[in-house]
Every structure is written in C-alpha cells, then in structure tokens.
Amino acid sequence: MKLFLTLCRFELTRYFASLTDVLNSVAFFALIIIISAVAAGPTFTDNNTLVIGSVWTASVLSCVLTLDLIFNKDFREGTVDLFILCSVPLEILSLAKAFSYWLTNCLSIILVASFTFLLFGFQPGLILNFLSCISLVTLTMSLIGVALSALTANSKGGTLLLTILVFPLMIPPVIFGTRASLNVYNGLDSSNELLFLVGFFMLLLSTLPWASAAAIKTRIH
Amino acid sequence: MFKLIRNFLALESFYFFARRIQKPLLYFTLIVIGIGLYSGLFIAPRDYQQGDAFRIIYVHVPAAWLSLFVYMYMVLAAFTALVWKLKIAEIGIKSAAPIGFCFTAIALVTGSIWGKPMWGTWWVWDARLTSELILLLIYGGIIGIANSTDDPRIGSRSAAVVTLIGAINIPIIHYSVEWWATLHQGPTVSKLDNPSIELSMLIPLVIMTVGFIAYFILILMIRMQNEIIHYERNANWIRKKLS
Amino acid sequence: MKYNHALKIKGLNLQKGLKLILRDYHLTVRAGQAIKVSGPNGCGKTSLLRTIARLNRIHEGELLVTSSIETRPLSANLVNFIGHSPSIAWDLTIKQYLTFYSKITEGKVKYHSIEETLDIFKIRTPLQLSKNLSAGQKQRLSLCKLLLFEAPIWVLDEPFNSLDVESQEILEKQIESHLENNGIVFLTCHQTFNLEEKFKKIYLEQVS
C-alpha cells in the first residue's frame, strides 16, 4: 500500500510538471461540444438525446486523447529499468499509473462534463447518475489505457495502434453508460447498466494489471 | 510424451514437416473448395424466398466461422507463447493474424453484398456485424503490434498479450452490442443461421468450411516456414539447406 | 570483509534479438574479483551486463550466487546496476529522485544516506530539476544509486561516460573500496582508467 502511494506521488509529480497536457483534454472536450452544437444546428438544445450523446462522446474521446503518453516517458527515460531493478511489482505500478492518470486527466473532464450538463439545464438526478457512470467508464479506460500503452508506447505507429485497440475494448462500457443516462432522462431505472459497469470494471481490475505487467516484461526483453 | 511434442515443435523439425505436407495439402484444399463451390453454386436448391442470391452464404458463413476459428487458434498459441515460451507459438501468432484479418474482411464484405439485395442496406448495427467489425480492428491491432518492434520476438509476445486481452472482451462486446441493438430494432433483424436449415443446403456449407480450414492451414504453413527462416537465418541448418 | 558472494554463470545462451552472441557460456567469479568486458561496438557487452543484472530474460542457463551458507539463484536484490543511459526521471529534482529511489527499493540493506551520497559525488544543488542537468551531472546522479544500498555485485555499463577527471577519481575510489570489501564488479569501458590492472579482461568477439 505504501508502495502504491509512493508510486502515485511519483506519477502525480511528473504530471504536474507538465500541466498543459492535462488542460489539453479539457480543451479538446470543449472543442467537441462546440463543434457538435454548431454541426447539429440551432435545434441542438431541443434534442436532449443528441446533447447527452455528444457530451458522452466528448468525454470518452478526450480521455482517450492522451492515453498513449502514459508509458511514453518511462520507456524514453529508462525508468522502466529502474522499476524492474528495484523489484517493484509491476501490477502495483500499473494500478498506480491508472489511478494517477484518472486523477489528473479524467477527473477534470468529469467535472467539466457535469458542468456542461448543468449548463444545458438537465436535472440533478441525471447529473448524479452521469457522475457515477462516467467515473466508472473513465476508470475502466484508464486501466485499458495503461495496459495498451505498455504494449505500444514508443514503438513504430504506437499511437495509431493504441487508438485501434482501445476502440473495441471500450465499446461495452460506453454502450451501457450512455444507455444509463438515456434511461434516467426518460425516467426509467438504470441500475442494470450501473451493475454492468461495476462488473466490467471489476473484471478488468482483476485481469489488466497482470496483462500490463506481462506487457512491460515483454518489451524489456 | 511432452518431450516428443517439444521436439516436434522445435523450429527445424517443424519447418521440414511444413514443407512435406504443403503439396498434399494444396491439392486437398483445391479439391475440397472446388467441390464445395460447385455444390453450393449449382447443386444446392434455390432458396424459397431469396432466390439465387443467397448462394453467397457459401462464402460468407465459412469465412465468418473461420475468422473466429483462427482467433481461437491464436488464443491457444498466445497462451503457449506466454506460458511455455515456445518460439513456434510466437511464429504461429504472427503468421495467423493476417489470415484471420483477411477472413474477417471477406466475411464483412460478402455480408454487405448479401445484405443489400436482401434487406436493402449495406450495413446495420446489429450484434453480429458490429462484433465482426471489432474483430477486424483487433486483428489489425495485433498485426500492427507484431510488426512494431525491431526484435520480432518482442513484437510477437506483445501481440500475444493483446490476443488474450481481446479474447476476454470479445464475448462481452458481442453480448453488450446484442443487448443494445435489440433495444433499438426489435426482433426483425434476421439471424444468419436458421436452426432448421435443410440438409442439401447444409452439406455444401460444411464442405466449404472444411476447405477453408484446409486453406488456412496451408497458408499458415507457408507463412510459418518464412518466419522460421527469418528467425533462424544464422543457424547452421539453414546454411546447409541453402548451399 | 563484508561480502563473501561468488557468482557462477552456467550454460548461458545470450541472445540479442535473433542473434546468438554467447552459447553455453560458463564463468565463475570469486568474491573480490573485478571483470572488465570489452569488445567492438554492438558485440553484446550491454546485453551480457543486463542479463547479469536480471533485466534481460534468460532463455537458457543459470546465474547462481554462492555464499558461505548456500547456493541460490541470483536475485535482483544482490545486484546494483548502473545502465548505459541514466534512468532518471526528468521531471523530478535530484533530491526527489533519490528519495523516490530509496523508497521503492526492496530487499536491500541501506548503506549511505542521501545527503552523504550527494556529498561523496559532490552534487551541490539537490533541488535542481533533473532535466536541466548536464550529461556529466546526470551520470553522477545515476551513480549515486550505487551508494544508497548495499549489494555484493556491482554491474556498471560504461560508468565513466561524460565524467570529468575529479568525478572519475571519486568513482574509482568507490569501486576500489567495494573490491576491498570483497564485492564483485562487472564493468565495460571504452577509456582507460587507473584501476585497470585489477580487472580480469573478458573479450567478446564481433558477431558475423
């Protein structure tokens, strides 16, 4: 546990050294919302389903934007060697990286997205539900991102590969997350979707750290 | 017994095994696919509703089955490569991925071609088609990762990890898309295999599937021979062969 | 005499990518012995050192450590490895980096404190960001890792790179005292250095 906190602190120090990367995601989010609003025309705010879909799309895409940078610095600066030499369990490293990525990149997007919902005049019930769903979805994506970044960071065409591979893996959470928001908007119950999101997150939590560890060891040879 | 299997799977002996079975396998494949195509295109009776256009099913369905079959082979090879660290398994993954990609692409394209006259659309977001598309992307990712590093062994092992991650997720993706799609469209989307398909239509399907499997093994053997030569290019037995 | 570990390499097959550099390699290193690995560029010196440091995976062969009590496989906590590129985190200050290193190291006995280590290597600006350091300063920071924890086997890949004369002498003094404590040192170097007579030479041939 202490090791986990030390690693988180290490990662957060590195993220805050280049804070502009974090704000990158937020700017991208705003960009997508604005473009969706402009492209859909003046009837954008009338069609609430479209608004919910756009906010979800923007949040998910902004989180995916910087996934490939997770392990970039480590492979470039040689700190992966450092972790292996110090016998740091690579699974805990993956969890620490996923958690610190979530804290820096995804949390800001979650807040901005909820604020966007407020701006568009949705009820607090929907916003609360959205908060829990998007948190689970972004946590899942941080885990997936760490595993895939361990595989593709710093290699030829790595960014493209990461984008291709993230897409299949994040389809289930996105489907269920948007469904949950739409259900709550239509006044229906959304506990099934939340259950699935929690379950999917638990499944990945119990398998992906080991996949990341295997991937790192494979890359180091 | 394990020693026997291990000796067989050593690169050198596997290479010569692959060379030996290549020619008979080629003839077998040509004959079986020939029979399958002939019986599918000419012998099988016309469908009651769809006329002759349904005959593309004899390419589409075996291709779809093969795309999943190749993926299952790759999962097995990935497991072997990561747990027992056999080089032949790493070569197997790298060789099979493009074949799987092609089969998936064929399935998607023939499916669209079938769909247009039948149901009026090139594409529909139902569970099966979306899962096939996702499978295509996963194959693309695996091929990309396998070729992304200078050291082919690292590339193949990374591809093995991705294969296993995908294996967990493909059933989940399939069921979640199915759940999502049925909510939108209801039960009017027809499934590909009727549970009560007539025998005269089934037999060409089975023959074509067997032919495609033989084709897969043939191409796999050829590709694996290439990879083995690449892996062992400094070894003595390659030098003896080339001289 | 602090350490009494001897290293035995048995039947090692060293692969660099698909090339086989060493086949069935045997080597026994007694406690207190120093080895210099030399050879032309690209012949696998770094690969050999990384394999000894347990960074690279071993496909065939064993690395064993014999102490007075028992023989056991070489584990990472018996090795201090300084690589060719200093694996420092550029966004951390010197002090933060060394503190982080001492917190994540497991299974090793503490040796000098961080302040003592910085003093020995004459690093006078502990609050400077690592990315602003010169090459020589980065190398000295990387070498600090040797003195924070005890380990009987030191594996140094081109440690004298970028060092000025004063730092080179400091490092040689540390290597000398480690050898006096009966530790083992593996090293590669393209320059001559003063302690060279104490080192047994191993030459790796160019792979065709």
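Visitor: Which residue does A:Asp81 form a salt bridge with?
Guide: A:Asp81 pairs with C:Arg50, and their closest N and O atoms are 3.1 Å apart. A salt bridge here is a side-chain nitrogen of Lys or Arg within 4 Å of a carboxyl oxygen of Asp or Glu. Keep in mind that this is a predicted model, where local features need pLDDT of at least 70 and side-chain atom pairs count only at pLDDT 80 or more, while totals for chains, interfaces and linings use all residues. Residues are numbered from 1 along each chain as its sequence is written, chains are lettered from A and ligands numbered from 1 in the order in which they are written, and side-chain values use heavy atoms, leaving out hydrogens and water.

Visitor: How many salt bridges are there across the interface of chain C and chain A?
Guide: The rule finds 2. There are also 4 residue pairs in polar contact between these chains, both residues being at pLDDT 80 or more. A polar contact is a pair of N or O atoms within 3.5 Å; within protein, one must be able to donate a hydrogen and the other to accept it, and residues adjacent in sequence count only if both atoms are side-chain atoms.

Visitor: Which helix gives the largest share of chain C's side?
Guide: That's helix H2 (residues 94-104) of chain C, with 6 residues. Helices are DSSP runs of H or I with at least four residues, strands are E runs of at least two, and both are numbered from the N terminus.

Visitor: And how much area is buried between chain C and chain A?
Guide: About 2200 Å², with carbon and sulfur atoms giving 61% of it. C:Asp91, C:Phe100 and C:Ile104 supply 26% of what chain C buries there, more than any other three residues. Buried area is the accessible area (1.4 Å probe) that two parts lose on being put together, summed over both.

Visitor: OK, over to chain B. How many salt bridges are there between chain A and chain B?
Guide: The count is 0, and the rule also finds 0 residue pairs in polar contact there (both at pLDDT 80 or more). On the chain A side, H9(A) gives the most, with 12 residues. By class, that side has 20 nonpolar, 5 polar and 4 charged residues. Ala, Val, Leu, Ile, Met, Phe, Trp, Tyr, Cys and Pro count as nonpolar, Asp, Glu, Lys and Arg as charged, and the others, Gly among them, as polar.

Visitor: How big is the area buried between chain A and chain B?
Guide: It's about 2500 Å², and 81% comes from carbon and sulfur atoms.

Visitor: New topic: in what order do the 5 strands of the open sheet in chain C come?
Guide: They run S6-S9-S10-S3-S11, with parallel pairing. Strands S6 (79-82) and S11 (199-203) of chain C are the edges, each pairing on one side only. Two strands pair if DSSP finds at least two bridges between them.

Visitor: What lies across S3, S9, S10 and S11 of chain C?
Guide: Helix H5 (residues 165-180) of chain C does, running at about 145 degrees to S10(C). Axes are lines fitted to C-alpha atoms, for helices over the stretch in contact (heavy atoms within 4.5 Å), and angles run from 0 to 180 degrees between N-to-C directions.

Visitor: Last one: what do S1(C) and S2(C) form?
Guide: A hairpin with 2 residues between them, and C:Gly17 in the turn has a positive phi of about 65 degrees. S1(C) and S2(C) pair in the antiparallel sense over 7 bridges.
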